Amino acid sequence: MDASRDALARFVGLEAYEAAGGGIRRDLFADEQKGVFLTDAGLLEKLARDRLADAAESVRAEGWGWVEVTPRVSSAELHTFQRARRSRREPTKAEAKRIEKLEAEQARLQDKLDDEDDDLSDDGAQALHEELDRLGDQLDAIEQTLVVYDPDIVAMAGAVVSVDPMGAVVVHRGLLREEQVKALRAQERPTPDAHAGGEGQPAETPTSRGGLSEKLVRRLSAHRTAALQAELARHPRIALVALVHQLAQRVILSGYGAGPVNISATPQDRLEQHAPDVAEAPAAQGLRAVREAWDSRLPEDPKALFAELLALEHEQLLSLLALCVGLTVSAIAQRENEAPAALLAQAVGLDMHNWWTPTAVGYFDHVSKARALEAVQVFAPGEVQRLAKLKKAQIASEAERLAAGSGWLPPMLTESVQASKALNEHEPEDHEAA
């Protein structure tokens, strides 16, 4: 395990690992940052569990029905839980004042980063980014204290204490197992919100010069995921190919390579945690309508469902298959240059012009002044000089107005996705009807 990249290695620390007798391998040109590898995975996990024990005790004191320590937990494992419904209380005067102070300091540092006349060195820019991260962590901590769960739910639900990719402690609260969800329904209490996010929206990762923040990348890729799900639901044959491709890799070829289709059949329907506005997007609305139509038609009893599926016409069965496979697709990215599910997008001919439009809230508010003006240069070059004199919020608003109808998309949404003619020839179904 790479000591500089592995999350648990960062969390435990190289000194603590070596002091516990852990093995180390160093490359010939290793230094303090690179070329150091840990060889005892079992010991590393034990040390991580021991360090997480105190955090777990603190979480238990909150009254949760169960608390588990899982140093490495994947998003797929978290998706097996449902999230308990929660609310947000209003901050006290002291909390509100603290939030206002932190946000003002964030804005000041971000403006300094955005100022093209300020000749920042790389080290200076990095220091500003680190300070923005620290302020964001403080805001996150305050926000978490404002989340309120019903006391009866807390006594039933649980939490998982883990380590995030950066090597920091993260607590996933309000998790409900299947039997707990059934118990809640039996008591006629409100069902958990399957669309709720994790521990609150993460603070905006500062935009580096020339790149998009991780939060904005996730937001855009959430819209791309919704669009890809909708497109796949319209292409039964490609959905079948995607499903068989994943099955063949796992069952025939004994491979476990990552793919966009979630073979465990977990619906990827929590995109709002990355893009709060995705629920109103055309792709999400269309999928929701089709899903509800099938839900009202299909019986819940497994035996009756099997009989119903046997009675379906071939085309109907394929359409249902396409919808089910489509809803398992995940294409969330963390970095701007990532292109998850690129082959799938190409196969269905994904064109984000049909599914997303640039707005201030959805894009321009989240990029630097320089990046916003760079986009305006593409669709309204004559307006760049005028906008350059405005404040960032005004630029975002004007950019939205000028981008309307221009067909402009951020580079990460404009990959070439021309579908194969051969695929279209094998799909004679009426897409409008589908």
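Good morning. I begin with the sheet in this predicted model: four strands form an open sheet with mixed pairing, and their order is E3-E7-E8-E4. At the edges lie strand E3, residues 66-69, and strand E4, residues 82-83, each of which pairs on one side only.

Strand E4 runs antiparallel to strand E8, residues 169-176, and two bridges join them. Which residue of E8 is the bridge partner of Gln82? That partner is Leu176.

I turn now to a pair of helices. In general, two packed helices are described by the angle between their axes and the distance between the axes. Here, helix H11, residues 282-297, packs with helix H13, residues 314-327, at an angle of about 125 degrees, and the axes are 11 Å apart. H11 is therefore oblique to H13. As to handedness, the crossing of H11 past H13 is left-handed.

Which residues of H11 and H13 meet? From H11 there are Leu287, Val290, Arg291, Trp294 and Arg297, and from H13 there are Gln316, Leu320, Leu323 and Leu327. By class, the residues of this contact between H11 and H13 comprise six nonpolar, one polar and two charged.

Technical notes
Residues numbered from 1 in each chain as written. Predicted model: local features only at pLDDT ≥ 70, side-chain atom pairs only at ≥ 80, totals over all residues. Heavy atoms only, no water. Pairing = 2+ DSSP bridges. Axes fitted to C-alpha atoms, helices over the stretch in contact; angles between N-to-C directions. Parallel < 35°, antiparallel > 145°, perpendicular 65-115°, else oblique. Left-handed = near helix turned anticlockwise from the far one by under 90°. Contact = heavy atoms within 4.5 Å. Nonpolar A, V, L, I, M, F, W, Y, C, P; charged D, E, K, R; others polar.
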